[in-house]
Amino acid sequence: RFIALEEARQAFDTLVEARQTLTRAIDGARARLEAQGEQLRRRVEVELPDKARAEADLVKELDKTRLRLPALEVEEQALRTRRDDQQTLATRAGEAQSVAERYKVEGQELGTKLELLNSTDHREAVCPLCQTALGEDGCGRLSETYQAEIADKRRLYRLNAAQLKQLEAERDALERELARREKGLGQ
């Protein structure tokens, strides 16, 4: 009987020890859960209201942006069109510059021919096309033709220079407008 009681006591001690181990584990788990619960409660009370308010503001801002999006797309398309206009102006200005150079060279060539004609004795002057003697009347007519062509080239050069100046002014204004509109679109 004593042995049976001793075995029962040992079994009891083992059970008590196991119970204490389980109780400590449960107490530790309870403490961790309570700490986590406290952290969650603090987050719910402190952090979430701010985030909830921020979310409402963000939703409002998103709605405003969605409302502005069609207008921004229209503005972006307008900017693309204006960039195309800018390219067209640059091309036209380049062409006008080339034409101005051509008028200048042609006028200089005519001036050189007129000087050459005037520097010769009119009786010795030769037609540049058929190589026959021009005489004074022929030299006079050719001189008048050269002078008329020079005057025409000068007139065309001035008209072209005015057009080029206008194109450059339009291009500069367009560049300023594009810079302003692109900055506004970026904002």
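Visitor: Why are α1 and α2 called roughly antiparallel to each other?

Guide: Start with the angle, keeping in mind that this is a predicted model. The axes of helix α1 (residues 2-119) and helix α2 (residues 135-186) cross at roughly 160 degrees. Angles over 145 degrees count as roughly antiparallel, so α1 and α2 get that label. Their axes also come within 7 Å, and the crossing is left-handed.

Visitor: What kinds of residues make up the contact of α1 with α2?

Guide: You'll find 23 nonpolar, nine polar and 17 charged residues there.

Visitor: How do you know that the protein is more spread out than a compact globule?

Guide: First, look at what it's built from: two helices and zero strands. For 187 residues the globule rule gives 16 Å, but the radius of gyration here is 49 Å, which is well over that, so the protein is more spread out than a compact globule.

Visitor: What makes Ser 143 count as buried?

Guide: Buried means under 20% relative accessible area. Ser 143 comes in at 10% relative accessibility, so it counts as buried. Across the protein, 14% of the 187 residues count as buried.

Visitor: Where is Ser 143, and which residues is it in contact with?

Guide: Ser 143 has its place in helix α2. Leaving aside its neighbours within four places in sequence, Ser 143 is in contact with Leu 114, Leu 117 and Asn 118.

Terms used
Residues are numbered from 1 along each chain as its sequence is written. This is a predicted model: local features need pLDDT of at least 70, side-chain atom pairs count only at pLDDT 80 or more; totals for chains, interfaces and linings use all residues. Side-chain values use heavy atoms; hydrogens and water are left out. Axes are lines fitted to C-alpha atoms, for helices over the stretch in contact, and angles run from 0 to 180 degrees between N-to-C directions. Helices (H or I, at least four residues) and strands (E, at least two) are DSSP runs, numbered from the N terminus. Angles under 35 degrees count as roughly parallel, over 145 as roughly antiparallel, 65 to 115 as roughly perpendicular and the rest as oblique. A crossing is left-handed if the near helix is turned anticlockwise from the far one by less than a right angle, and right-handed if clockwise. Ala, Val, Leu, Ile, Met, Phe, Trp, Tyr, Cys and Pro count as nonpolar, Asp, Glu, Lys and Arg as charged, and the others, Gly among them, as polar. The radius of gyration is taken over C-alpha atoms; the globule rule is 2.2 Å times the number of residues to the power 0.38. Buried means under 20% relative accessible area, exposed over 50%, partly exposed in between (1.4 Å probe, protein chains only). Contact means heavy atoms within 4.5 Å.
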